[in-house]
Each structure stands twice: as structure tokens, then as C-alpha cells.
Amino acid sequence: MSAGVFLLWLVSIPLLIQAARQPRDYLISCGATTEIKEGALTYIPDNDFISSGNTTTIQRTDIFPRLQTLRFFPNAHATKHCYSFPVIRGSRYLIKTVYFYGGFDGGSAPPVFDQIIDGTKWSTVNTTEDFASGGSSFYEAVVAAQNKILSVCLARNQHTPAGSSPFISSLEVHYLESSVYNSTNFDKAMLMTVARSRFGSHDDAIISYPDDIFNRFWEPYKDESPFVTSNSNVTTTLFWNIPPQKAFASALTTSRGKTLTLNWPAFPLTSGLYYIALYFQDSRSPSPYSWRVFDVQINGHFFFQQMNVTETGQGVVGTNWPLSGKVVITLSPSPSAPVGPLINAAEILQLLPYGNKTLTRDAAAMEELRKELVNPPEDWAADPCMPVGHSWGGVHCTSTEPFRVVSLNLTGYGLSGKLSPSISRLTAIRHIWLGDNKFHGVIPDMSPLKALETLHLENNQFEGPVPPSLGQLPNLHEVFLQHNKLNSSVPEPLTKRDGLSVRLA
């Protein structure tokens, strides 16, 4: 999505209202070192939400301050780079990512890369067109928090040029009221914003915060149809999605007896299921001669019949609508209606089914393992196995459900810390290779790991006894424990097993 609103000369509208309420939750200026004020909004630095990447400054004064810094991720060996936000499990959040390339790396074109929410690939970030026109790009999704931590990640893909780095300028996470987009089954899918428009406006300004309390962007849209303005006040809190009142200030319309046809959005859609919300409000004062009744169709299928629009406004929502390519919205008036149909605003969001997840028990065990490390790998965040191709560094998982951790190969990663006892809960694991690091403390009990075949803990600083439980593992055939500070011999059952390779000294 293009977001020309971020150019400095368009900042006048939000600057008019300084005392408005700050939206809840997180407004992040990536790479910043201090808080940044933009009108009524305050953006904070991102240091508390991510531990990887580098920061830089774009030397321009004609863009918003929060676009003058960014965070980029040059480590090509890391599978993903994640922001993590404490959230309320089960609650709904709107996530907005903003990108302004600005040639920060000396290149002539921005890199292409993926966005991931928790374990689900959200979208591909391609800001090439917006950068060429001097603008920034934004992406937006609505999700229900699956856990107490919500992760937003960037990851390289096959289109990311060698030597280039994924980057991000700004990130917002807004808590949504329970009514917003509530007809969506968020247990199974998230929503990706495709278009959100107000129709028939005199100007090209984008409506956002404080008019929209969630800082959603309502972009202007006009075609050849006549448009009207309205001075009526709409109580938008009565609408499920709480649209801004200014979205009802104008409308596309046509004369009595005529059909209003709207080709919106202005671009073709990819094949999929969509959430559609349409907003209407009669621009005339109530009278026996001003009522508006019409049918609403989308691509020839009835969306709503006998819509009776009043001055208080109406909103109509459709979920799971199959769409592909061009979208045509048709408003056909009732034969007896004294005035023509109209439409004020609309939203369309695509349903994206959640991707697969690591088995909860394995995910929890890996998280505890991570917490015991002083310097965990920088891509150890969000889901350990998902999405496919973006598992944690050194972590290998099954390729079919249930998705479980089957091997750890962190040899020579330079890790330090203790080996968490939670490793014993990875009961599908076959190989543990942690050699050539700086682990210390005791080797935990591993008796539940019946599938374990090889254990490499050599060249660390482990101390204490060799766990007797190693002798109870039926498939274990290779144990390397040399060059540690262990004070006992190999358990007797291991010394008597044929075909077993053990190194302790």
C-alpha cells in the first residue's frame, strides 16, 4: 500500500488536535533513540521489543521524524528477525508496518522480503513502486493474539538480493474493541487490509488518528460519479467497526432512478475470501421525499437487498466473500425511491488462514531453553519451527503434523549459559549437537528422550556427574562429552552397549 500521508507537507491535519487521546498499546519508531511526537501521537524507540539488527538515520528533513530512522538486519544467516510485544491472549489487535527505504544502504532499489506474524507468513514487502514515486509503504493486518506474546517478524525470501537487508521504519500494534471486525472467526484466520476508502471527497487528505481512534488510514476515492456532502453527525460508536465520523462527510451518488456502479478497489484482487464492510448515510434531512432504498450487489451477487439508508447511517458487513480480479459494486435503486443511491465509505480485507504451529509442548520447551542462554541466536524468536523455511537457527523440525523439534545443531555458535532441563520435554528429538560452545552447569536429566540417537556436548564447561539416565536411552549410539569438567565416568549400561561410540576424556 502507498502511504503518501507520511510526507511532511501533509501533516497539518493531525497537528490541529494536540490534546486527543493517545491510542492504546504500541507505537514504535524503529531505530530511534528518543520519543518522537507527531501531532497527538507519541512514538517510542524499539530497543525494548527487539534484540537484533542495526540502526541508521536517513538524512532528510522533508519526511516525518519517525521515518528518519530505521532498523535493518544484515545477518543473512538468521532465518527471521522478530519484534515481540506483550499482549492479552485472545484479544484483537491491528498491526501496521511502515517502510521508507530512502536508499539507506546506498542502493538504488529497496530489498524485497517477507513479513511474518507469529508462525504465519503475512505478506511480501515490496516498496519498489512507492520508493520510485518518493513515498513510503504501509501494510496492515488484524489478528487475535494466540499467546501472551505477539511477534512481528521480517525474513529474507528468494527475491531478497544478496547483500541487501530487510528493514523497517515504524510499527504499530493497536488494541481493538471487541466489536471491531467481530464477524470474523479469528480462531482460524487473520485479516489483511486490501483497501479502505472514503468516497467523493473534495480533497486528497487521508483520514487517520485522531479521527480514527485506531489510526487506520481512510484514503480518498473519486470516479466520474457525482458526489454530495453531508453535515449530519453520525454516532460511529454504534457501528461495529467504529469508522471515523469524517468518513461520512461525503458520498458518491447518482440521480433518481439510476444505478450507481463503483469499480472499487481500483486494482484486481488475488483469488481468495474477503471481508467487506460498506458504509452509508443519507445526506438529506428527514422528510417523506428523501428516503433512499436500494439493493447492493457485488460482482452480480446480492450483498444486501432493500437497503434503507437514513441520516443516522448504516453499515453492512459480509464475511468469507470469494473474490478474484476486478470488483464491481452496484447500487440499484428501488423503483419508488425519490432519490438515487449513495455510498460513503468501504473496507475490504482478505482472510488469511493461520499457518501451522510447533507443538505447544515443544514450543514452550524451546522458549525455556532460550531463556537460559546468555546470548541466544538472534533468530530465536516467535515460533521455533514455523513458517517452513524460517525455523530457529540450528533447529530442525518434522515436515508434517504434529510439528516437532527433531534436532538441535548449534555447534560452534559461541553460546553461553546453562542447558535448561526443559530439553527433556523435546521427546521427538533425535540429535543434540551443542559442541564447541560455553555451556556450564550440570547436564540435565534426559531420561524421557527415548528417540535420542546422538549427543554432542564436547568442548564446553559442563560439570558434575554424567547423567545415569543416558544409559536408559535405547536408541543412543553416539555420546561425545570430552573437554568438559565432568567428575564421573560413563554410565555402565552405555559402556556395555554394542556399536556405541562414547568419548569422555
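1. Ser 208 touches Asn 215, Arg 216 and Phe 217, where residues up to four places away in sequence are not counted and a contact means heavy atoms within 4.5 Å. Ser 208 sits in the loop between β14 (189-199) and β15 (219-221), and Ser 208 counts as buried because its relative accessible area is 10%, with buried meaning under 20%, exposed over 50% and partly exposed in between (1.4 Å probe, protein chains only). Helices (H or I, at least four residues) and strands (E, at least two) are DSSP runs, numbered from the N terminus.

2. This is a predicted model, in which local features need pLDDT of at least 70 and side-chain atom pairs count only at pLDDT 80 or more, while totals for chains, interfaces and linings use all residues. Residues are numbered from 1 along each chain as its sequence is written, and side-chain values use heavy atoms, with hydrogens and water left out.

3. The largest pocket has a volume of about 1000 Å³. On a 1 Å grid over the protein atoms alone, a pocket is an open set of points with protein on both sides within 12 Å along at least five of seven lines, a cavity is a set where a 1.4 Å probe fits but cannot get out, and lining residues have an atom within 4 Å of a point. Grid points are joined across faces, edges and corners, and a volume is the space filled by probe spheres set on the points.

4. The largest pocket is lined by 32 residues, with Asn 147, Ile 149, Ala 363, Glu 367 and Ala 382 nearest its centre. Helix α3 gives the most to this lining, with 6 residues. The lining divides into 13 nonpolar, 9 polar and 10 charged residues, where Ala, Val, Leu, Ile, Met, Phe, Trp, Tyr, Cys and Pro count as nonpolar, Asp, Glu, Lys and Arg as charged, and the others, Gly among them, as polar.

5. The structure also holds 3 cavities of 30 Å³ or more, and the largest cavity has a volume of about 70 Å³.
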